[in-house]
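Please open the structure in the viewer and keep the sequence beside it. The stops below are to be visited in order.

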Amino acid sequence: MVLGVDYGASRIGLAVSDPSGAIALPLEVLRRRKGHSLVRDVLDVAEQKGATRIVVGLPLALDGTKGGSATSAEAFAQALGRRTSVPVVLWDERLTTVEASRRLQDAGQSARQQRGLVDKHAACLMLGSYLESLRAGGARTAG
């Protein structure tokens, strides 16, 4: 099972693969809480789900450059990697939040309703892209 992580400034969306790694499924959204470790929360989920790999979305700009969000996601991935023996990889997640929001809107979800859902759906889209790349001949990490 692979755990997908959509790292954000206020929320972290999580998605998981099925045991065969064929499909990605939205899981949950973790919210920042004062004095609480999101690294520990993500690693707890990884352990509970039996993750064999953690894929952290890297929000590159459209031209492929790294901005502040990408730097933050890289730092989070490194923090995860220091605290687990499970491989942690970065994967390009350009426009997944926009696409997830569009899909939720098409399904009738208002912008207000989307707040609690969009991050886990963005994680699902990112993880799905990663899994598809594996099936197509091997994923290359971003960054």
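The model is predicted: local features need pLDDT of at least 70, side-chain atom pairs count only at pLDDT 80 or more, and totals for chains, interfaces and linings use all residues. Residues are numbered from 1 along each chain as its sequence is written, and side-chain values use heavy atoms, with hydrogens and water left out.

**The sheet**

Begin by selecting the five strands, which form an open sheet in the order E3-E2-E1-E4-E5 with mixed pairing. Helices (H or I, at least four residues) and strands (E, at least two) are DSSP runs, numbered from the N terminus. Two strands pair if DSSP finds at least two bridges between them. Strands of a sheet pair through backbone hydrogen bonds, either parallel or antiparallel.

Next, select residues 24–31 (E3) and 88–92 (E5): these strands stand at the edges, each with a single partner strand, so one side of each has no neighbour in the sheet.

**Strand E1**

Select residues 2–7, strand E1, together with residues 11–17, strand E2; the two pair in the antiparallel sense over five bridges. A hairpin of three residues joins E1 to E2. Gly 4 is found opposite Ala 15 in E2.

Which residues stand opposite Leu 3 in E2 and in E4? In E2 the residue is Val 16, and in E4 it is Ile 54. E1 and E4 run parallel and are joined by four bridges.

Are the faces of E1 covered or open? Both are covered: Val 2, Gly 4 and Asp 6 on one side, and Leu 3, Val 5 and Tyr 7 on the other, are all buried. Buried means under 20% relative accessible area, exposed over 50% and partly exposed in between (1.4 Å probe, protein chains only). Because six of its six residues are buried, E1 is largely enclosed by the rest of the structure.

**The two helices**

Now select residues 38–49 (H1) and 68–82 (H2), whose axes come within 10 Å and cross at roughly 60 degrees. Axes are lines fitted to C-alpha atoms, for helices over the stretch in contact, and angles run from 0 to 180 degrees between N-to-C directions.

Finally, display the side chains where the helices meet: Leu 38, Val 39, Val 42 and Leu 43 in H1 touch Phe 76, Ala 79 and Leu 80 in H2. Contact means heavy atoms within 4.5 Å.
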